[in-house]
Amino acid sequence: MTRFIKAIFILGIAVFAACTPKSAKYFAKAEVQYTQAEYQDAIENYQQSLSDGGDPAQCNYKIAESYRRSNRIQEAEPFYKKAIDAGIKDEEAYFFYGNAL
């Protein structure tokens with residue numbers, strides 16, 4: 001029974017992945033990597049999502065956060081700026097942007 005449930009779950013994920021836009025796929029993959037502290041891989045997938053039409057505010061903010069969490073605050077600064085310019089509402093974006101300057 002558990003094999004059947006796993007097979008249905010995997011099939012459901014495959015169908016969902018096939019129906020979502022590329023930018024959403026890259027963003028979702030980056031989110032998993034981000035939560036697992038795989039920041040460099042997350043950065044690459046957030047950038048790919050951004051180039052495929054992902055939300056510039058959210059993608060740039062997550063890129064900045066990935067750089068910051070991997071102790072590369074100077075590299076995070078331009079992405080905080082882009083996220084703020086794109087309209088990110090998260091107050092921490094402003095705080096960490098100020099720290100990066």
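## Charges that pair

A salt bridge is a side-chain nitrogen of Lys or Arg within 4 Å of a carboxyl oxygen of Asp or Glu. The structure you are looking at is a predicted model, in which local features need pLDDT of at least 70 and side-chain atom pairs count only at pLDDT 80 or more, while totals for chains, interfaces and linings use all residues. Residues are numbered from 1 along each chain as its sequence is written, and side-chain values use heavy atoms, with hydrogens and water left out.

Lys81 and Asp85 both belong to helix α5, where they are 4 residues apart, about one turn of the helix. Helices here are DSSP runs of H or I with at least four residues, and strands are runs of E with at least two; both are numbered from the N terminus. Lys81 is partly exposed, at 35%, and Asp85 is exposed, at 55%.

Salt bridges with shared partners join Glu65, Arg68 and Arg69 into one network. Glu65 bridges to Arg68, with the closest N and O atoms 2.8 Å apart, and Glu65 also bridges to Arg69, where the closest N and O atoms are 3.8 Å apart. In total, the structure has 4 salt bridges.

Why are these residues well placed along the helix? An α-helix has 3.6 residues a turn, so residues three or four places apart point the same way. Glu65 and Arg68 are 3 residues apart in α4, so about one helical turn separates them. Arg69 and Glu65 are 4 residues apart in α4, which again means about one helical turn. Glu65 is buried, at 2% relative accessibility, whereas Arg69 is partly exposed, at 42%.

## Helix α4 and its surroundings

Now let us look at α4 as a whole. This helix has 14 residues and reaches 20 Å from its first C-alpha to its last, close to the 20 Å expected at 1.5 Å a residue. The expected span is 1.5 Å times one less than the number of residues. In α4, 10 of the 14 residues are buried, so the helix is largely enclosed by the rest of the structure. Among them are Cys59, Tyr61, Ile63 and Tyr67.

What covers the buried residues of α4? The cover includes α2, α3, α5 (73–85) and α6 (91–100). Just after α4, Asn71 takes a positive phi of about 60°.

## Lys62, a buried lysine

Is Lys62 buried or exposed? Lys62, in helix α4, is buried, at 13% relative accessibility. Not counting residues up to four places away in sequence, Lys62 touches Phe27, Glu31, Tyr34 and Tyr46; contact means heavy atoms within 4.5 Å.

The side chain of Lys62 makes a polar contact with the side chain of Glu31 at 3.4 Å. A polar contact is a pair of N or O atoms within 3.5 Å; within protein, one must be able to donate a hydrogen and the other to accept it, and residues adjacent in sequence count only if both atoms are side-chain atoms. Lys62 also lies over the face of Tyr34, at 4.1 Å from the ring centre. A charge sits over a ring if NZ of Lys or CZ of Arg is within 6 Å of the ring centre and within 35 degrees of the ring normal.

## Aromatic rings

Rings of Phe, Tyr and Trp (its six-membered ring) pair if their centres lie within 6.5 Å; planes under 30 degrees apart count as stacked, over 60 as edge-to-face and the rest as tilted. The structure holds 7 aromatic pairs. One of them is Phe95 with Phe96, an edge-to-face pair at 5.1 Å centre to centre and 75° between the planes. Phe95 is exposed, at 51%, while Phe96 is buried, at 15%. The charged end of Arg68 sits over the ring of Phe96, 3.8 Å from its centre.

Elsewhere, ring pairs link Phe27, Tyr34, Tyr39 and Tyr46 into a cluster. Tyr39 and Tyr46 are among the buried residues of α3, and the buried residues of α3 pack against α2 (22–35) and α4 (56–69).

Key. Buried means under 20% relative accessible area, exposed over 50%, partly exposed in between (1.4 Å probe, protein chains only).
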